[in-house]
Amino acid sequence: MPFESHPDIDIAPLIDHTLLNQAATPQQIDQCCGEADRYHFASVCIFPCFVRRSREFLQNKTPAVCTVIGFPCGATTSAVKLYEALEAVENGATELDVVINLGLLKSGDTEAVHRELAEICEETGATVKAILETAVLTDAEKRLAAELAMEAGVSFLKTSTGWYGGATVEDVRLLKEVSRGQVGIKASGGIRTYEQAIALVLAGATRLGTSRGVDLIRQRDTEKTDENE
């Protein structure tokens, strides 16, 4: 998708700059935070053990601190997820990306899925993004999961962890249709090019979860330079 077709779209403020490598060092977390500040990204998305460090690094800076809850499987108990969420907020996180319990969803225990998310939303008061893991759901399950998450009070529907498949334009469009503008949509997983990012935004994404945020901005700037030459 050519840059000149969408010069008004600034993807930087939509990016959750992500570092969810289990071998990431504190120094790499600092680098991630520094990049988020430099490029004016929406947030850093890091593991819970680095929330306090990231909050201290980003004190009085624009990017929010986002962390993941029940990541990547969503199969820990509701009590553990709630504790993890509360601790993350206490340590300075303002955004929580929560993996829903896929086994409960697929077995039809919708009440448990709803209750788990609702408790986290109510008890933390944070911006909660429900990770639906669309790659392993049927379209009917995607719609059901989205409706349950919205009823529970989440602020965003998030496509994926990235572990089982990434965001697609089709899934973002589906979530946009289901959400009816009531919540944001975070496309996450496998976003490697600026063209992909633009396509997802045009489909309805209001956040982009990616570890390649800096690369996307550089690709954008390169395309812009080429257009002006």
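Buried means under 20% relative accessible area, exposed over 50%, and partly exposed in between, computed with a 1.4 Å probe on protein chains only. Helices (H or I, at least four residues) and strands (E, at least two) are DSSP runs, numbered from the N terminus.

This is a predicted model, in which local features need pLDDT of at least 70 and side-chain atom pairs count only at pLDDT 80 or more, while totals for chains, interfaces and linings use all residues. Residues are numbered from 1 along each chain as its sequence is written, and side-chain values use heavy atoms, with hydrogens and water left out.

Strand 3 covers residues 64–69 and includes cysteine 66; six of its six residues are buried. Ala64, Cys66 and Val68 point to one side of the strand, whereas Val65, Thr67 and Ile69 point to the other, and all are buried. Two strands count as paired if DSSP finds at least two bridges between them. By that criterion strand 3 pairs in the parallel sense with strand 2 (residues 43–46) over four bridges, and serine 43 has alanine 64 as its bridge partner in strand 3. Four bridges also join strand 3 to strand 4 (residues 95–99), again in parallel, with cysteine 66 standing opposite glutamate 95 of strand 4.

A crossover is right-handed if, with the strands pointing away from the viewer, the path from the first strand over the helix to the second runs clockwise. The β-α-β crossover from strand 3 through helix 3 (residues 78–90) to strand 4 is right-handed, and strand 2, helix 2 (residues 51–57) and strand 3 likewise make a right-handed β-α-β unit.

Cysteine 66 is itself buried, with a relative accessible area of 0%. Taking contact as heavy atoms within 4.5 Å, and leaving aside neighbours within four places in sequence, cysteine 66 is in contact with Ser43, Val44, Cys45, Ile46, Glu95, Asp97 and Lys129.

**Helix 3**

Helix 3 has 13 residues and reaches 18 Å from its first C-alpha to its last, close to the 18 Å expected at 1.5 Å a residue, where the expected span is 1.5 Å times one less than the number of residues. Its residues Lys81, Leu82, Ala85 and Ala88 are buried. Seen down the helix axis, the buried residues of helix 3 fall within an arc of 130°, so they line one face; the arc is that of the directions from the helix axis to the C-beta atoms. The face turned away from this buried side carries the exposed residues Ala79, Tyr83 and Glu90. The cover over the buried residues of helix 3 includes helix 2, strand 3, strand 4 and helix 5 (110–124).

**Backbone details**

| Residue | Backbone value | Location |
|---|---|---|
| Asparagine 60 | phi about 65° | loop between helix 2 and strand 3 |
| Phenylalanine 71 – proline 72 | cis, omega about 0° | proline 72 in the loop between strand 3 and helix 3 |
| Glycine 92 | phi about 125° | just after helix 3 |

Asparagine 60 counts as exposed, at 77% relative accessibility, whereas glutamate 133 is buried, with a relative accessible area of 0%.
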